[in-house]
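Please open the model in your viewer and follow the stops below in order.

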Amino acid sequence: MSLHDEPQTLRAFVAVARQGNVSRAAERLHLSQPAVSLQLKGLATNTGLVLFNRTPQGLTLTRDGAALLPQAE
């Protein structure tokens, strides 16, 4: 998968990276939380990268996620 092939998935990734929370990102994108989660899972699978770490405060970007963010934007 090329990054340019999945604009909606990349919008979801950027929104979650900025919000730090799937539910808030889903709300901003006018999508359901499961839809955004599925997009993130697909992106991680297709790239072979771990993009986020789960913390008690929400999601934070991994080093790979931080490297992908500028390309996704």
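Which residue forms a salt bridge with R18? Select R18 and E73: these two form the salt bridge, with their closest N and O atoms 2.3 Å apart. The term denotes a side-chain nitrogen of Lys or Arg within 4 Å of a carboxyl oxygen of Asp or Glu. The structure holds one such bridge. R18 belongs to helix α1 (residues 7-19) and E73 to the segment after α4 (63-72), so the pair ties together parts that are 55 residues apart in sequence. Helices (H or I, at least four residues) and strands (E, at least two) are DSSP runs, numbered from the N terminus.

This is a predicted model, in which local features need pLDDT of at least 70 and side-chain atom pairs pLDDT 80 or more, whereas totals for chains, interfaces and linings use all residues. Residues are numbered from 1 along each chain as its sequence is written, and side-chain values use heavy atoms, leaving out hydrogens and water.

Now colour by accessibility. R18 is exposed at 53% relative accessible area, and E73 is exposed at 55%. Buried means under 20%, exposed over 50%, and partly exposed in between (1.4 Å probe, protein chains only).

Next, select H30, in the loop between α2 (22-29) and α3 (33-47). H30 is not a glycine, yet has a positive phi of about 60°. Most residues other than glycine have a negative phi. H30 is exposed, at 73% relative accessibility.

Finally, select V22, S37, L40, K41, A44, L49, V50, L51, F52, R54 and L59, which line the largest pocket. Two or more of the lining residues come from each of α3 and β1 (52-55), and α3 gives the most, with four.

Technical notes. 1 Å grid on protein atoms, 1.4 Å probe; cavity = no way out; pocket = protein on both sides within 12 Å on 5 of 7 lines; lining within 4 Å.
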